[in-house]
Amino acid sequence: MSELISRRQRHRVRVLGELLGEAMMDQHGEDFLAKVEEIRHLAKARRQSRNEEQNQLQEVLKSLDDDYLISIARAFNQFLNLANITEQAELTANNESLYPDHSYLEDLFKRFKDANIDDKVIAEKVKNIRCELVLTAHPTEITRRTLIQKYNRIATQLKAVTEDSVLAPNERTKLERLIAEVWYTDEIRMERPTPQDEAKWGYAVIEYSFWDAIPKLWEGYNKLVITHTGKALPITATPIRISSWMGGDRDGNPNVTAKVTDEVIKLSRWMAADLYLRDLDELLSHLSMAKCNDAVRRLCINDQETQEPYRVVLRDLREALLETRQWSMTNKPITENLILTKKQLFTPLHICYQSLIESGMAIIAEGMLKDTLIRVSTFGVNLVDLDIRQNADVHTELLNSITEYLEIGSYQSWPERARQEFLIKELDSKRPLIPNTWSPNDGTQEALDTFKLIASFDSEGVSSYIISMAKNPSDVLAVVLLLRKCGVNKKLPVVPLFETLEDLENAAWTLERLLRIPWYTNYIEGHQQIMIGYSDSAKDAGQMAAAWAQYRAQEDLVRISEKYNVELTLFHGRGGTVGRGGAPARDAILSQPPGSVKNVMRVTEQGEVIRFKYGSPEIALQSLDLILSATLEASLLPPPAPSDNWRNMMDKMAEVSQVSYREVVQSNPEFLEYFSQGTPENELALLALGSRPARRPSTGHELPGIESLRAIPWVFAWTQKRLMLPAWLGTDEAFAKNFSGRAVYVLKEMLADWPFFRTQLDMLEMVLSKADADISQHYDSELVEESLMEMGNDFRKRMSSLVSFINELKGQTCLLENSPTIQRSLELRHPYTDPLHFLQIELLSRSRKNPQTGKANIDKALLITIAGIAAGMRNTG
């Protein structure tokens, strides 16, 4: 079967490549296409160890002018996008109408039966389980909405392309037209995207994928629940929820202001109203029947005798939604007819649903109307709720300004106990905290405006308030106080984010101190959410040390929450790469400590992988099935706790790994210069790659090192070079010092029996398979001064030794020996990613030698290579 898929995919790649070639030839002529093919051939030959072809490839690229390089880069970028489409088509080859047959959820319910789990236990769990996906922006994933649509149309049309038949002329013409549309559309916008642009991209994913996928998932899930427990899910059940950071995450991003967040929330409401209006238009064509119950008749206020009662209800709803859609993009006051809460939309639709069932028309109720009710339960009237994220220091500065104005001291200089006493006293006080006569500075005013914005709609449309760099209970109490004193009445979840190694190690102690405060425990009513940061801890201490610290922090947080009888929700701030905590969702969930996944799993979905995991309804259905099944499995069939032997081994390896990592990254004076010269890190900061600055704002005290560099460009730059340093540096030394004698047997036992360790190794193997020592060496030979060359050589030797350790531990001769699908995926991309790397090296060389000459063309070509390599790597930063 796998060989059949391989043949079919290669045939589809060939067909799409030919059609793209025709489009390129129509625009640029035969010589251009011949040049593209020459470059592809030379890059392919390089992989067969023919060094003369590598030299020839370099000479060919050096001979091309800047304008020509843009078109060449575009060609290989689109080849990769089309290759990705064929791969996604293979992943969704099963007929989605058969769902949940052969799904992860179906298999899981069978395993529940084999494990003799009581039906009542399963019924209670499935009713309450929830996976919340939090969409985040990513610099390379501002794929234009129009291109997302075109790629989805190509994927749909690709079903007509089989490996054993000639494509019919009319089907070929359709594909030819779609690919021409893609080729003639400029895929790169040179202006920096705004947070609003990023939010619109997120809404496009919901519109074109989640909107259709979630009702299908819900129905399949419900079918399995009925089959295995005899009870249906309540229509209000929301096993999947979607939230977003796009337009809400202001930590270190001055472009996200209160005004911007307001616009994003309004845009979200507009989009929700627009999507529901489309549903209502379709429902109006379906629900023409006359028979109804008294509840529906009572809703027909102006037409009690109508023969089309459902249509009367739907038309009234449509009028209200039209008014809501128009209002959402204005500053007009709220009127009575607006739909501002989920209940206003859900209730009349649910009354219609119940009426159809009571009137003997259940088959109609279970169709489009039920899909709409599932969407209302899932998306509400805001489409996605926003997380607001801000740094703890900003709140400290705001409170300091207030206390100094009130002449009661400097909040910033107070010790933690004094801060807590002040905050609790103010939380108990009914008097205002913020003086009307006070005029704060711009930064403080902006923070205050955000709290006032949340209060202006009583946090409707906001899912939680995240505090980055949280260290003490006062950091949480400060946000609760500011929310309340600005007028927020609802108890919005306030979520401390622990992200450095030190903060992770102290996370449980911080939570315990917080839960010892009676006022706070009364306030949270038995529920607390904690966010675990993956990116910054890995950048701070290296991947292995960070992963182990995250695991232990979760164990300790679970223990403390159980001690105080608090239901804990862990929010996992994972990146898309191993260097930022990334892993396939199923493996990541199932490798969590036992007891850490109970009813809710909350996790970020990074922009660079969103399109690949949720880019179409079919792919989204598969991904959601996988995530929901893993969450349910982790809750009812948790993994085993690690033995003391395993813990001791991880303690030793994490310590060695951390020391080794920091010796290079923080202590080697030449490292930063090598990083700057040998990767496109400096160029990434200059290009229009997202609304967030590449570095955090300077405090004036730190050195311009990686401390201020954000985790995404840190990992991203090494990925572009194909050295993948953040994912493995330090881990190599940990294995080198613990790979002898009895330790090898312990490691093999950990690999076989401990999901956490196995997932860490699998992810390491996957990322190392994407590394390329030869390509990274070519970056060095062209871009790095000779005195730094040895550092690059040393990194490549260390990486090679780590590959040997992994292969020996897994009993294999090469990486991915037991993962032929991933191997084929990488091999399929090499002929397109390799030329982009050599193009990028040439462009970096030109840009650095002549920084002022032809900069616009070089910048655009560079941006195309960056996006193309990102598409080839799939998880980039």
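## Close-up views of a predicted model

**View 1. A salt-bridge network joins five side chains.** Lys62, Asp66, Glu782, Glu842 and Arg846 are linked in a network of salt bridges. Keep in mind as you browse that this is a predicted model. In total, the structure holds 55 salt bridges. As a reminder, side chains of opposite charge can pair when their charged atoms come close.

**View 2. The whole chain, for orientation.** Here we step back for a moment. The protein chain contains 37 helices and eight strands. Its radius of gyration is 28 Å, close to the 29 Å that the globule rule gives for 877 residues, so the chain is as compact as a globular protein of that length. Along the principal axes, the C-alpha atoms fill a box of roughly 85 × 75 × 60 Å. Of the 877 residues, 61% count as buried.

**View 3. Eight strands close into a barrel.** The strands follow the order β1-β2-β3-β4-β5-β6-β7-β8, with parallel pairing. From one strand to the next, the twist averages 25 degrees. Strands of a sheet pair through backbone hydrogen bonds, either parallel or antiparallel. Zoom in on β1 (residues 130-135) and you will find it joined to β2 (residues 240-244) by five bridges, the two strands running parallel. Leucine 133 has isoleucine 242 in β2 as its bridge partner.

View 4. How many of the residues of β3 (residues 385-391) are buried? The count is seven of its seven residues. Asp385, Asp387, Arg389 and Asn391 point one way from β3, while Leu386, Ile388 and Gln390 point the other way. Two bridges pair β2 with β3 in the parallel sense, and leucine 386 in β3 is the bridge partner of serine 244. With β4 (residues 462-468), β3 pairs over six bridges, also in the parallel sense. There, aspartate 387 stands opposite serine 464.

**View 5. Glutamate 219 meets lysine 370.** Their side chains form a salt bridge at 3.7 Å, N to O. Glutamate 219 lies in helix α9 (residues 195-229) and lysine 370 in helix α14 (residues 362-379), so the pair ties together parts that are 151 residues apart in sequence. Glutamate 219 counts as partly exposed, at 24% relative accessibility, whereas lysine 370 is buried, with a relative accessible area of 5%.

**View 6. Arginine 586 pairs with glutamate 633.** The closest N and O atoms of this salt bridge are 3.1 Å apart. Buried or exposed? Both arginine 586 and glutamate 633 are buried.

**View 7. Glutamate 683 pairs with arginine 848.** In this salt bridge, the closest N and O atoms are 2.9 Å apart. Since glutamate 683 lies in helix α28 (residues 681-686) and arginine 848 in helix α36 (residues 820-849), the pair ties together parts that are 165 residues apart in sequence. Glutamate 683 counts as buried at 8% relative accessibility, and arginine 848 as partly exposed at 30%.

**View 8. A nonpolar patch on the surface.** Tyr405, Leu406 and Ile408 make up this patch, which has about 250 Å² of accessible area together. Tyrosine 405 is placed in helix α15 (residues 392-405). With a relative accessible area of 36%, tyrosine 405 is partly exposed.

Conventions. Residues numbered from 1 in each chain as written. Predicted model: local features only at pLDDT ≥ 70, side-chain atom pairs only at ≥ 80, totals over all residues. Heavy atoms only, no water. Pairing = 2+ DSSP bridges. Helix = DSSP H or I, 4+ residues; strand = E, 2+ residues; numbered from the N terminus. Axes fitted to C-alpha atoms, helices over the stretch in contact; angles between N-to-C directions. Patch = residues over 30% accessible without salt bridge, like charges linked within 9 Å, V, L, I, M, F, W, Y side chains within 5 Å. Areas by Shrake-Rupley, 256 points an atom, 1.4 Å probe, with all protein chains shown as cover. Salt bridge = Lys/Arg side-chain N within 4 Å of Asp/Glu carboxyl O. Buried < 20%, exposed > 50% of the residue type's maximum accessible area, 1.4 Å probe, protein only. Rg over C-alpha atoms; globule rule 2.2 N^0.38 Å.
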